[in-house]
Structure formats: C-alpha cells, structure tokens
Amino acid sequence: MLMKGNKIRGQLAALSIAAVVIIVGVPLWWRTTETYRAWLPVSQIKQLAKLQLQLSADVEVVFARGTVTPEQQKKVPLTQTQEEEHAVDGDTMLRYRFETRYRTATIMEEDALNKPTAAGADESLHTLSESPCGSLVFYVIPELSLLLPKDTDVYIGQRRTALLRVSSQVGVGRTLEQLLAQLEPRIKQVLQVMSFSHTDVSAVLSDRVRFNPDSKEGIADSMRAFKSSPGYEITFSLLNPDPTSHQLHWDIEGAVQTYIQPLLTKLSPVANFSIDSQTLYYSVLGVKPRFDSSCDAYTLNADSLAHVINPVEARLGSNAASSNPVLNFLLYVPDAHHSPLKIQDHRKQEVPSNAFHSPRWGGIMVYNVNGFYEPEAELPVDISINMAEVMGVFLAQLRLLLGVQSSPPPPGFLVAPRGSSGLADWELDRLMWSRCVENIATATTTITSLAQLLDQISNIVINDNIAEQVSSAVNSLQLAVAELEAGNLKYALQLSKEAILASEKAFFDPSLLHLLYFPDDQKFAIYIPLFLPMCVPILLSLIKMASEARQKRREKLAKKD
Amino acid sequence: VAYLCFYSVQLSNMLAAIIMLIFICFCVHFQNTAGQFFSSGHTNNWAVLVCTSRFWFNYRHVANTLSVYRSVKRLGIPDSHIVLMLADDMACNHRNPKPATVFSHRNMELNVYGDDVEVDYRGYEVTVENFLRVLTGRLPPSTPRSKRLLSDDRSNILIYLTGHGGNGFLKFQDSEEISNVELADAFEQMWQKRRYNELLFIIDTCQGASMYERFYSPNIMALASSQVGEDSLSHQPDLAIGVHLMDRYTFYLLEFLEDIHPASKSNMNDLFKVCPKSQCVSTPGHRTDLFLRDPGSVLITDFFGSVRKVEITMEAIHLTDPILQLEDGEEVQEKTYSYVDQLPVSEIIHQKPKQKDWHPPDGFILGLWTLILLVFFKTYGIKHLKHIF
C-alpha cells in the first residue's frame with residue numbers, strides 16, 4: 001500500500017512539474033524574450049504605397065474689351081475642367097487637373113490694360129488683385145493691341161499673370177465655342193511654361209521611377225538640382241592666389257543682403273538657408289591655363305574645367321554643423337601673371353559670364369581685374385570688386401542649382417525680366433509644385449521601405465517614439481495629398497515638409513539598428529543546454545507514466561476477458 | 001586578269017572595312033563627348049575605407065587601407081567625402097621603429113601616412129555597429145559631419161574592407177564579426193533609401209569572395225582578393241620594421257592605381273586583371289551580375305576619383321540696385337559671447353544612477369536545478385530515482 005501511495009505521489013509530482021513548465025514556464029520565457037514592437041499603421045502605409053497624386057490648379061481667363069462681342073459677353077462666365085492622367089509606373093499615377101474660369105474684364109482691369117507697356121500693365125494688374133499661390137490669371141487682349149511687340153503673342157509677367165494676344169483670323173461671326181477652341185492650345189502652351197507639366201513632375205520622381213528615358217533634359221535637370229532638403233548652407237568664397245599683387249575688397253555682407261537675401265526670403269516656404277563667406281589666399285586652380293594669342297588672354301577650355309574643382313574643394317573647409325547640403329560659390333581672381341583668364345566653351349567661344357557650375361555642388365566665376373589698374377601701378381593694388389556683376393552670375397547659378405527650370409520659352413513668348421528678388425511668382429509656384437511632389441514621393445518611399453524592413457527583420461525593437469513618428473508622417477502624407485488635390489499649394493507643401501521630416505526621423509533613428517543576426521544553429525546552441533536537462537526527466541517520467549497506464553489497461557482488458 | 005580582279009575585290013573590301021572603322025571610331029568619340037553627362041549618372045564620389053584589425057603584427061592591414069586612401073585622395077576625392085576607419089594606430093605605435101610613418105614598400109620607399117591623413121574613426125571606435133551605422137545613416141544626432149556618409153542618390157561609393165576574415169564573416173578588432181548577410185542587408189537598406197547610385201565593394205581578406213556572395217541589391221560591383229577556401233597572402237616583410245608591410249592584392253592594386261590620373265580612361269576590366277594567380281597566389285574574384293552597366297564602360301575614376309560634371313553658366317541676371325549700406329551694428333559689438341558648459345558637472349553629480357536592465361545572476365540556472373534536485377532527493381530519498389529514470 002505504501003508503495004502504491006508513493007508511486008501515486010511520484011506520478012503527481014512529475015505531472016505537476018510538467019504542468020508548471022508548460023503552463024507557466026513557456027509563456028514566461030516567450031514574454032521575456034520577445035522584442036518590444038509598438039504598433040504601426042501598416043494598412044495605411046500599404047495604401048500609401050500606391051501613390052496617386054492629383055495636382056489641381058485654378059486658371060482664370062479674362063477677356064478684355066475687343067476680344068468678345070457683346071452677345072458672347074453674356075455667355076462668357078463659364079467654367080471648364082481639363083484632366084489628364086499619366087501612369088508613371090505600376091505604383092505611381094499622376095493626374096493633372098486645370099479648372100479654367102472664363103470671365104470678362106472689370107473696368108479697373110481695362111484701365112490697367114490700357115497702360116503703355118506690358119510691364120506697366122502687369123504691375124497695375126497686380127495692385128488690383130493678388131492671385132493665391134498656385135493659381136494663374138490670363139488676360140486675353142485683342143490682336144491690334146499695342147501692349148505687346150509685333151511678333152510676340154504671349155507676355156509672361158513677374159507675378160502670376162500672362163497676357164495673351166488672340167488673333168482674329170476667323171471672321172467676326174465666330175461663336176464663343178470657336179473662340180475657346182482657338183484659345184485652348186495657346187492656353188495649354190502657356191500652362192506648360194508657367195505651371196506644372198508632366199515632364200517636370202516625372203523628372204522629380206526619378207528616385208521612385210529609376211529609368212525614365214523620356215527626356216535627356218529632364219534627367220540633366222534632375223541631376224543638377226539639389227534634392228529637396230529642409231535647409232541648405234550657402235558659402236561664398238573669394239579665392240585670391242596672388243595677395244602680393246591684388247588686395248581685394250568685396251562687400252559681401254551688403255551684397256548678400258541686397259541681392260541674395262530677397263531671393264532666399266521668397267524661397268522661405270521651400271527651405272531654410274544659412275549663408276557664410278570666407279576668403280582664401282594662395283589657393284590656385286588645379287589646371288594650368290594656356291595663353292591664347294587670338295584673344296590675347298589665358299584660356300581655360302571646357303574639358304579642363306572638370307579638374308578645377310577638386311584641388312580647390314580640399315581647401316574650402318566647411319562651416320556647416322548640420323547635415324544639410326552645401327552650395328559653394330567661388331569667386332576666383334586670377335593672379336597678375338595669368339590675367340586675363342577667360343573660359344571657353346566647347347566651340348572655343350568666349351563665355352560672357354566667365355563662370356561655370358557643377359551639378360549639386362555650386363559655381364565658380366572668374367573675375368578679371370587686370371583692367372582696373374595700370375601695368376606700372378604700385379603693387380599691391382587695392383581693388384574693389386563690383387558685387388552687382390558677381391552676384392548676378394551667382395544668382396543665376398543659384399536658381400539653376402535649386403531647381404528653377406531653365407529651358408528657353410517657346411517662340412513668340414516674351415518673359416518679363418525677373419524682379420529684384422530674381423524669382424518670378426510663377427517660378428516659385430512651379431518650384432513649390434515639384435518640391436511638394438518630391439517630398440510626398442520620398443516620404444512615401446521612406447515609410448513603405450521602413451515598414452517593409454521592420455516586417456522582415458523580427459529582431460528590431462520598435463520604440464514608441466518611432467511609432468509616433470511613423471503615425472505622424474502617415475497623417476501628414478494623407479493630408480498633403482488631400483491638400484494637393486484641393487489645390488492649396490502652400491498648405492500641401494508645408495504638410496509634405498512635415499511628412500518628410502517625420503519619416504526621415506523615423507527611418508534614421510539610431511535605435512533601429514539590426515545588429516544581431518541569429519542563424520538558426522546559434523539559436524539552438526544557446527537554448528539546448530538550458531532546456532534539455534530540464535525537459536529530459538519530465539519527458540521520461542511522462543512516458544513512463546503513459547506506458548504504465550497502457551499496461552494497466554491491457555491487464556484490465558486481460559482480466560475482463 | 002583574274003588576279004587583278006581578285007586584288008581589286010580585296011582592296012575594295014579593305015577600303016570598305018577601313019571606312020567603316022573610321023566611321024565607328026568617329027561615332028564612338030562623338031558619343032563619348034556628348035554623352036559623358038549621362039553615361040555614369042553620378043555627381044559626387046564617396047569612399048568608406050575600413051581596416052578592421054588591431055595589434056602590431058597586423059601592420060599590413062593599416063598599410064593597405066592607407067594606400068587606398070592615398071590613391072583616392074590623389075585622384076580627387078576630398079577628405080570631407082572619405083570616411084576612414086583605422087582600428088589601430090600603427091604610425092604612433094610603440095613598436096614602430098620609424099614613428100609617424102606607415103610604409104607600403106620594402107626599403108621604405110613609400111610612406112602612405114603622409115602629412116594630411118584624416119582618420120574619422122580610430123581605435124576602438126571601429127566596431128561592427130559603427131560601421132553599419134555609417135552605412136545606413138543611423139547615427140546619433142550629435143555625430144559630426146566628418147563622421148557621416150552623406151551620400152545621395154547620385155553618389156558613387158567605394159567601400160574597401162581589409163582585415164582577417166573567414167567563410168562568410170569578417171573579424172572586427174579581434175572580438176566581433178560581421179557576417180555577409182548583415183552586410184548584404186545593410187546595402188539593401190542603403191538602396192531602399194537611395195543612398196548610392198553605384199557601389200564598388202573591394203575586400204582584401206582570406207576567403208574574401210564569401211563576403212559578396214549574399215548581395216542582392218542592384219548596382220553593386222564587388223571584388224575580392226581570394227576565393228572561398230583560399231587564404232589571402234601578405235606581400236613582403238621588412239626586416240627593419242619587422243612585420244609584413246602589405247597584402248599582395250592591395251600591393252598590386254596600389255601599383256595599378258599609381259598609373260591612373262584624373263583624366264585616365266582605364267575601365268573596370270583592367271581592374272579585374274589586377275594581381276593574377278601567378279602574382280597573388282590566391283585567385284581574385286569579382287561579381288558584376290548586379291551591376292547594370294557593362295564593366296567595360298565603367299571608368300576607374302568613376303569610383304576612385306572625383307571627376308565632376310561641369311556646365312557653363314550661360315546667363316546672368318542683370319542687377320541694378322545699389323548695395324544697401326548696413327547700419328553699423330553697435331548692437332553687434334555689444335553682444336558678448338560665452339562658452340556653454342563643456343562638462344555639465346552639476347548635472348552629472350546630481351544624476352540618479354542609470355537603471356540597468358536586470359539580468360539574473362550568473363550560474364542561476366545551475367543553482368536552481370541543483371536546488372530542485374536536492375529538494376527532490378531529500379523528500380523522496382535516493383531510491384526513488386528509478387521513478388524518474
């Protein structure tokens with residue numbers, strides 16, 4: 001009897017140990033060895049992966065007196081919508097929507113259009129009403145108007161207006177529909193120049209859609225301009241290789257304040273800029289210029305320009321404390337023995353600006369000072385650099401490097417010279433459209449690849465702050481896409497900037513480093529010495545119990561029989 | 001007459017061939033100059049050069065890395081675009097008979113340490129974690145610019161690793177290792193974030209080819225000094241310094257690169273021929289299946305140098321406003337600056353001790369099981385052992 005009681009006690013002990021191990025131990029081990037992964041909005045991220053953007057712009061077409069007959073004037077207030085859809089690749093689809101509103105000009109606008117010059121008309125039209133960001137106003141003027149010169153049909157102003165000349169080739173009895181049909185291709189052409197076009201927007205998506213052989217200019221543009229970044233650092237450097245001959249003075253602070261700052265202030269919705277300047281002495285170009293007797297000057301030909309930048313760059317240094325991209329603008333004053341120094345292009349022609357730029361790096365201008373002093377003057381000569389000339393070139397290079405399109409306008413178009421800020425309003429709008437799309441595309445790619453990465457590697461810990469950043473990025477992205485659809489360009493750009501900041505912060509968080517790669521055999525090697533000594537006695541006792549029970553049952557059956 | 005006919009036919013054939021050849025040459029030349037902007041698709045160059053071994057007898061690994069650094073700098077990549085990681089300081093090592101030098105040739109012909117070496121990660125900072133952080137960009141916000149790889153989607157990156165390696169891993173600092181899977185994953189993360197346009201990966205270790213076996217991201221070209229199962233051998237010892245100065249593969253690589261200048265047109269096929277088996281004893285390998293361009297059209301200077309694309313500035317803006325005279329800042333003079341506390345001593349003193357993660361004490365498991373067994377035997381006695389076994 002005692003033996004049987006002991007046996008039952010032994011069996012109960014084994015069973016209870018097994019129960020504790022399985023019911024308490026295994027879940028405890030699972031919970032203590034799992035990684036903390038905060039919740040991510042994965043379904044919303046998957047939705048965002050299919051990028052469907054709609055860009056809308058409002059266009060107002062105003063008919064001046066003399067372009068429509070009085071009967072047509074009554075019918076004129078009408079609205080048309082044009083939509084175009086382009087599928088860039090499997091995941092990306094772009095839709096462009098122009099909502100065109102036609103109306104006749106008010107009396108004040110007629111007065112403004114009666115100004116003697118197009119520029120004057122533009123200015124007074126601007127004082128009448130200011131168009132919101134992203135929208136455009138076209139004024140249709142009669143053919144015989146003296147506002148535009150003979151061979152130009154379109155005048156593109158500094159703000160968001162354009163003057164179109166309509167030809168009255170079709171007879172007087174034309175209907176409104178015929179007039180509109182005649183205007184439509186011209187309006188489309190102007191919109192290609194002043195507002196977004198498919199080539200620009202898809203060039204910006206070159207990240208997402210890698211091999212887009214559409215247009216070489218598009219590729220060149222996308223390679224030249226800096227990628228969208230929340231801030232840029234601009235450095236102006238004066239290189240003086242010959243301080244014994246030339247003592248150079250440049251009023252860089254004043255020049256930056258007068259010429260560069262207005263542009264940067266205008267661009268403040270797009271990015272922040274920080275400027276600094278320096279002077280480098282005894283720094284030479286890496287290339288020896290050759291003396292060309294035909295133009296009586298030393299020349300640098302286009303092929304050797306590529307090798308100029310590197311030796312200089314090593315000496316430039318950087319004042320940047322942030323990781324923002326740096327734009328370098330160098331002003332090189334050649335030494336007295338190699339003056340004047342001219343740059344020649346591929347066709348051996350002189351370049352009027354005497355400057356060149358490198359994509360995504362900056363620009364270099366060569367400023368000759370040999371004309372400022374007599375050959376017998378006492379060295380060193382004090383030279384004051386004409387900052388207006390220099391900044392004119394640098395401003396043009398800055399525009400190119402920041403992505404303001406540089407393609408020449410179609411024939412028959414006259415583009416107003418840029419104002420004091422160096423950037424027309426409609427150019428700013430175009431930049432904002434492309435930046436907005438670029439930001440949204442980049443943020444989407446970042447978030448989707450982050451989600452994919454976290455899904456693939458189950459060992460990475462996802463902290464709460466990362467989940468927060470991801471959620472806020474997803475929110476901002478959805479709002480930005482909605483605002484873009486509605487046509488609120490400024491808000492869309494702001495939201496896209498927030499989205500990209502949040503997504504970059506989440507992606508590049510230092511805690512997301514997947515450092516430990518556990519191959520399966522290593523996992524087994526760790527766990528077996530811990531669990532095998534414990535499991536073997538339990539398993540064996542359970543097996544023993546089961547075999548005893550089976551034997552008992554067999555005996556019972558045998559007894560029955 | 002038959003002979004004449006025959007010769008004339010032959011002549012005309014030759015003439016046609018010559019004309020075709022000239023035409024083709026002309027076409028190629030034309031395409032080269034016009035298409036230079038688009039052929040490589042990169043606008044800047046970066047280099048990440050890593051030496052992973054420490055201790056004096058691994059002098060050759062530091063010399064390897066420094067010679068590649070030297071070539072890359074000579075061909076134009078500035079220090080701001082090079083991340084140099086050296087795991088130990090050989091130039092100022094106590095055992096260096098010629099301090100402040102690192103030689104790559106016997107008879108001390110070439111000092112690769114030079115005058116302006118900028119080492120970004122040195123000594124114990126060279127760890128697998130830091131290397132992966134540099135590649136993926138996941139550095140803490142306080143990291144200075146010189147320690148970051150700030151590449152974008154138009155950057156060509158050269159990555160050079162050297163040290164001791166094995167089948168599928170590379171040893172860092174004699175204490176940890178990076179596996180080929182981790183490296184491949186890091187490159188994939190770089191590709192996802194478009195942190196490179198094209199990547200050239202060179203590794204000089206034993207069984208180096210195993211490190212590039214697992215790559216799966218596009219636009220990567222890889223070279224290794226030896227195949228799986230082979231050892232990468234060192235070149236020559238120097239009796240004065242007392243250690244081997246360079247590894248064979250990098251020695252011949254350096255010789256090859258000394259002939260390259262910034263305008264050189266040598267391509268990758270020449271690089272693949274560097275150090276054949278007769279010179280290297282091991283068989284160098286390369287991998288180009290992930291690379292989209294034909295290696296014959298890839299210039300050496302696309303990765304080792306920094307030839308910038310250049311455009312002439314055609315237009316300038318005509319500015320007419322006179323320069324504003326800034327008011328003299330009397331306020332500017334007034335502002336006095338002071339340094340921020342370098343060591344926030346008050347914060348450190350009053351800081352609470354950091355909460356460390358709790359770990360069970362050592363030998364816990366062993367003690368636990370001993371306890372359980374003791375209790376069991378005390379309760380039931382030794383003879384009940386047969387219930388268990």
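Across the interface of chain A and chain B, 18 residue pairs are in polar contact, both partners being at pLDDT 80 or more. A polar contact here is a pair of N or O atoms within 3.5 Å; within protein, one must be able to donate a hydrogen and the other to accept it, and residues adjacent in sequence count only if both atoms are side-chain atoms. Helix α12 (residues 387-402) of chain A gives the largest share of the side of chain A that touches chain B, with nine residues. Helices (H or I, at least four residues) and strands (E, at least two) are DSSP runs, numbered from the N terminus. Sorted by class, that side of chain A has 39 nonpolar, 27 polar and 16 charged residues. In this sorting, Ala, Val, Leu, Ile, Met, Phe, Trp, Tyr, Cys and Pro are nonpolar, Asp, Glu, Lys and Arg are charged, and the others, Gly among them, are polar.

A quick word on the ground rules. This is a predicted model, where local features need pLDDT of at least 70 and side-chain atom pairs count only at pLDDT 80 or more, while totals for chains, interfaces and linings use all residues. Residues are numbered from 1 along each chain as its sequence is written, chains are lettered from A and ligands numbered from 1 in the order in which they are written, and side-chain values use heavy atoms, with hydrogens and water left out.

**How the two chains meet**

Back to the interface: 82 residues of chain A are in contact (heavy atoms within 4.5 Å) with 63 residues of chain B. Together the two chains bury about 6,400 Å², and 62% of that is on carbon and sulfur atoms. Buried area is the accessible area (1.4 Å probe) that two parts lose on being put together, summed over both.

Side chains of opposite charge can pair when their charged atoms come close.

Strands of a sheet pair through backbone hydrogen bonds, either parallel or antiparallel. Here two strands pair if DSSP finds at least two bridges between them. Which strands make up the open sheet of six? In order, they are β9(A)-β7(A)-β12(A)-β15(A)-β14(A)-β11(B), and the pairing is mixed. At the edges stand β9 (272-281) of chain A and β11 of chain B, each with a single partner strand, so one side of each is left without a neighbour in the sheet.

The link to chain B comes from strand β14 (residues 355-358) of chain A, which is joined by two bridges to strand β11 (residues 311-312) of chain B, running antiparallel. There, A:His357 stands opposite B:Glu311. Strands β12 (residues 326-332) and β15 (residues 362-366) of chain A pair in the parallel sense over five bridges, with A:Asn328 facing its bridge partner A:Gly362.

Elsewhere in chain A, strand β2 (residues 78-89) runs antiparallel to β3(A), and eleven bridges join them. A:Thr79 has A:Arg101 as its bridge partner, and a hairpin of two residues connects β2(A) to β3(A).

UniProt annotations may be inferred rather than shown by experiment, and their positions follow the numbering used here, with feature names shortened. An unreviewed entry lists B:His164 and B:Cys206 for "active site". They span 43 residues in sequence, yet no two of their C-alpha atoms are more than 6.4 Å apart, so they gather at one spot. B:His164 is in the loop between β4 (155-162) and β5 (165-166) of chain B.

For chain A, an unreviewed UniProt entry puts "transmembrane region" at residues 12-30 and 524-543. Residues 12-30 are 100% helix, with end C-alpha atoms 26 Å apart; residues 524-543 are also 100% helix, with ends 24 Å apart.

Most residues other than glycine have a negative phi, and most peptide bonds are trans. The peptide bond from A:Ser339 to A:Pro340 is cis, with omega near -15°, and A:Leu379 and A:Pro380 are joined by a cis bond with omega about -10°. B:Arg194, not a glycine, has a positive phi of about 50°.
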